[in-house]
Amino acid sequence: MKCIQLDNLHLEYRRGKTKALNGLNLQVDQGSFLGLVGPNGSGKTTLIHILAGLLKQDRGQIRLFNQEILSASFSHRQRMGFVLDQPVYFDRLTCREFLIFAGRMYEIPKEELEGKVEELLRFFDLMDAEDKWIETYSKGMKQKVSIAAAIIHEPDLLILDEPFDGIDTTSAEEIKEILLQMNKKGVTIVITSHQLELIEALCTECAILHKGQIVFQSKIDELEKQLQESGDSKAQTSLKEIFLQITSADRPHKSLSWLS
């Protein structure tokens with residue numbers, strides 16, 4: 001079954017002067033771990049905002065969990081978790097208060113919620129800061145709160161926009177392990193990152209978004225198979241090589257005069 005199916009999505013800003021999405025098509029199977037990559041301005045964040053119900057496409061069809069989405073209804077969003085580029089939380093709540101608020105929004109029973117909040121605070125190393133307002137947190141701590149709120153209700157679909165931004169290496173490795181465990185249990189995950197090596201190591205599938213369109217999509221193990229079978233050292237077998245070939249084709253060579 002397709003968890004996400006997007007057909008011919010278009011979105012224009014400034015009355016048609018800027019095309020954020022330009023006939024985008026994307027299919028994501030249930031249980032996939034998709035890495036979505038692309039240059040700055042390619043449309044990644046716009047796409048995620050549409051999936052989150054924060055933006056409405058100009059035209060095109062969205063199907064989630066095999067159902068067409070005509071409006072930002074709460075019913076399908078209850079099955080989804082998000083970490084956005086600009087996380088949404090109340091600065092003048094503590095992390096405990098915010099996680100309780102998030103859990104109640106998803107109608108988690110009180111006793112179960114209390115246990116989950118306690119466990120999440122410990123896992124994300126937020127116990128020492130649990131009585132401080134979120135506005136006092138570092139960037140990495142705020143990101144941890146966002147991830148904790150995104151998974152507290154055990155979503156079927158988790159969408160993460162640059163989730164490791166600002167997070168220390170040790171915590172990032174622990175979070176990656178949790179994501180892999182969730183995916184192993186059948187949770188579909190979509191993650192954006194500028195770290196192509198992370199996508200290759202973490203995801204089961206990758207897609208390249210360029211100029212508002214999906215221009216490449218492949219299973220990670222198929223890329224690895226090409227690498228093993230290729231006898232040509234110049235063959236485009238890594239995600240990085242494919243990414244650069246696609247996104248740099250129309251870019252002029254750049255340098256600095258004093259380095260010439």
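Start by selecting helix α1, residues 44-51, in this predicted model. The helix is mostly covered, with seven of its eight residues buried. Colour Lys-44, Thr-46, Leu-47, Ile-48, His-49, Ile-50 and Leu-51 to see the buried set. Then step just past the end of α1 to Gly-53, where the backbone takes a positive phi of about 85°.

**A charge over a ring**

Next, show the side chains of Phe-65 and Arg-79. The charged end of Arg-79 sits over the Phe-65 ring, 3.8 Å from its centre. For another arrangement of this kind, select Phe-164 and Lys-176. Here Lys-176 lies over the face of Phe-164, and the distance to the ring centre is 5.7 Å.

Phe-101 belongs to helix α3, which covers residues 95-105. Is Phe-101 buried, partly exposed or exposed? Its relative accessibility is 34%, so Phe-101 counts as partly exposed, since that class lies between 20% and 50%.

**Along helix α4**

Move on to helix α4, residues 110-123, and display Glu-112 and Lys-116, which both lie in it. They are four residues apart, about one turn of the helix. In an α-helix there are 3.6 residues a turn, so residues three or four places apart point the same way. Glu-112 and Lys-116 form a salt bridge, with 3.5 Å between the closest N and O atoms. The two partners fall into separate classes of cover: Glu-112 is partly exposed, with a relative accessible area of 38%, whereas Lys-116 counts as buried at 17% relative accessibility.

**Two neighbouring rings**

Now select Phe-123 and Phe-124. A search of the whole structure finds two aromatic pairs. In one of them, the rings of Phe-123 and Phe-124 have centres 4.9 Å apart and planes at 85°, so the pair is edge-to-face. Phe-123 is partly exposed, at 29% relative accessibility, while Phe-124 is buried, at 3%.

**From helix α5 to a loop**

Twelve salt bridges are present in the structure, and the next stops include two of them. Select Lys-139 and Asp-165: they form a salt bridge whose closest N and O atoms are 2.9 Å apart. Lys-139 is in helix α5 (residues 139-151) and Asp-165 is in the loop between β7 (157-161) and α6 (169-184), so this pair ties together parts 26 residues apart in sequence. Lys-139 counts as exposed, at 54% relative accessibility, and Asp-165 is partly exposed, with a relative accessible area of 39%.

Lys-144 lies in α5 and Asp-168 in the loop between β7 and α6, so the pair ties together parts that are 24 residues apart in sequence. What is the cover of Lys-144, buried or exposed? At 8% relative accessibility, Lys-144 counts as buried, whereas Asp-168 is partly exposed, with a relative accessible area of 38%.

**Last stop: a network**

Finish by selecting Arg-96, Glu-118, Arg-122 and Glu-130 together. Salt bridges that share partners join these four residues, Arg-96, Glu-118, Arg-122 and Glu-130, into one network.

Note on methods:
Residues are numbered from 1 along each chain as its sequence is written. This is a predicted model: local features need pLDDT of at least 70, side-chain atom pairs count only at pLDDT 80 or more; totals for chains, interfaces and linings use all residues. Side-chain values use heavy atoms; hydrogens and water are left out. Helices (H or I, at least four residues) and strands (E, at least two) are DSSP runs, numbered from the N terminus. Buried means under 20% relative accessible area, exposed over 50%, partly exposed in between (1.4 Å probe, protein chains only). Rings of Phe, Tyr and Trp (its six-membered ring) pair if their centres lie within 6.5 Å; planes under 30 degrees apart count as stacked, over 60 as edge-to-face and the rest as tilted. A charge sits over a ring if NZ of Lys or CZ of Arg is within 6 Å of the ring centre and within 35 degrees of the ring normal. A salt bridge is a side-chain nitrogen of Lys or Arg within 4 Å of a carboxyl oxygen of Asp or Glu.
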